[in-house]
Amino acid sequence: MNKKIPLMIKVISLLLLVGALTMVVIGISSLFNFQLSPSLPTINTLSSILTLVIGIVGAFTAVYLWKGKNWARIIMIIFCFVGIVESVLNMTVITNSLVQGVLSNLILSIINLLLALYFIFTKQAKDFFKS
């Protein structure tokens, strides 16, 4: 059965896939101590492995979101809520520009909340992910 993929799901899946593949590249390159850019800090092995694993999970989630698998929708909702918690925690850390750090994390929190609400409550998403 071919389901019509909603445009919003396509956009979210593609953006998630790009971000996930970027994390995979960063994870692999940092495992081998290859610095992609002098401006990027090097990260330790545990962080490299965690980045790689999250990137792989994100890539699989993106592919299966596109295919309409409900488990991928649930993982995406979890990613969104983890992102909200991370952004809120980041707002408590003092950055070079406190206002800029709070503002960017507030925007990320709002985006994550809207994505979670889309996947949880919209008829379009619920219908597409029905088993």
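**Entry 1: the nonpolar patch**

I looked up which helix gives the most to the nonpolar patch, and I found helix 4 (residues 98-121), with ten residues. Helices here are DSSP runs of H or I with at least four residues, strands are runs of E with at least two, and both are numbered from the N terminus. The patch covers about 1,000 Å² of surface, and its members include Phe81, Leu103, Ile110, Leu117 and Phe121. I noted the rule: patch residues have over 30% relative accessible area and no salt bridge, with like charges joined within 9 Å and nonpolar side chains (Val, Leu, Ile, Met, Phe, Trp, Tyr) within 5 Å. A salt bridge would be a side-chain nitrogen of Lys or Arg within 4 Å of a carboxyl oxygen of Asp or Glu. The areas come from the Shrake-Rupley method with a 1.4 Å probe, and for residues only the protein chains shown count as cover.

I reminded myself that this is a predicted model, where local features need pLDDT of at least 70 and side-chain atom pairs count only at pLDDT 80 or more, while totals for chains, interfaces and linings use all residues. Residues are numbered from 1 along each chain as its sequence is written, and side-chain values use heavy atoms, leaving out hydrogens and water.

Is Phe121 buried or exposed? Phenylalanine 121, found in helix 4, counts as exposed because its relative accessibility is 56%. The cut-offs are under 20% for buried and over 50% for exposed, with partly exposed in between (1.4 Å probe, protein chains only).

**Entry 2: aromatic rings**

I searched for aromatic pairs and the count came to four. The rings of tyrosine 64 and tryptophan 71 have centres 5.2 Å apart and planes at 40°, so I wrote this pair down as tilted. Rings of Phe, Tyr and Trp (its six-membered ring) pair if their centres lie within 6.5 Å; planes under 30 degrees apart are stacked, over 60 edge-to-face, and the rest tilted. Tyrosine 64 is partly exposed at 26% relative accessibility, and tryptophan 71 is partly exposed at 41%.

Phenylalanine 119 and phenylalanine 129 make another tilted pair, at 6.0 Å centre to centre and 55° between the planes. This pair links distant parts of the chain, with phenylalanine 119 in helix 4 and phenylalanine 129 in the segment after helix 5 (123-128), ten residues apart. Phenylalanine 119 is buried at 0% relative accessible area, and phenylalanine 129 is buried at 2%.

Both rings belong to one aromatic cluster formed by Tyr118, Phe119, Phe128 and Phe129. I also spotted lysine 3 over the face of phenylalanine 128, 5.2 Å from the ring centre. That label needs NZ of Lys or CZ of Arg within 6 Å of the ring centre and within 35 degrees of the ring normal.

The expected span is 1.5 Å times one less than the number of residues. Among the buried residues of helix 1 are Ile9, Leu16 and Val24.

Helix 2 (residues 45-66) has 22 residues and reaches 32 Å, close to the 32 Å expected. Its buried residues include Leu52, Gly55 and Leu65.

Where does asparagine 33 lie? I found asparagine 33 in the loop between helix 1 (7-31) and helix 2, exposed at 70% relative accessible area, with a positive phi of about 55°.

**Entry 3: the whole protein**

I counted five helices and zero strands, and 31% of the 131 residues are buried.
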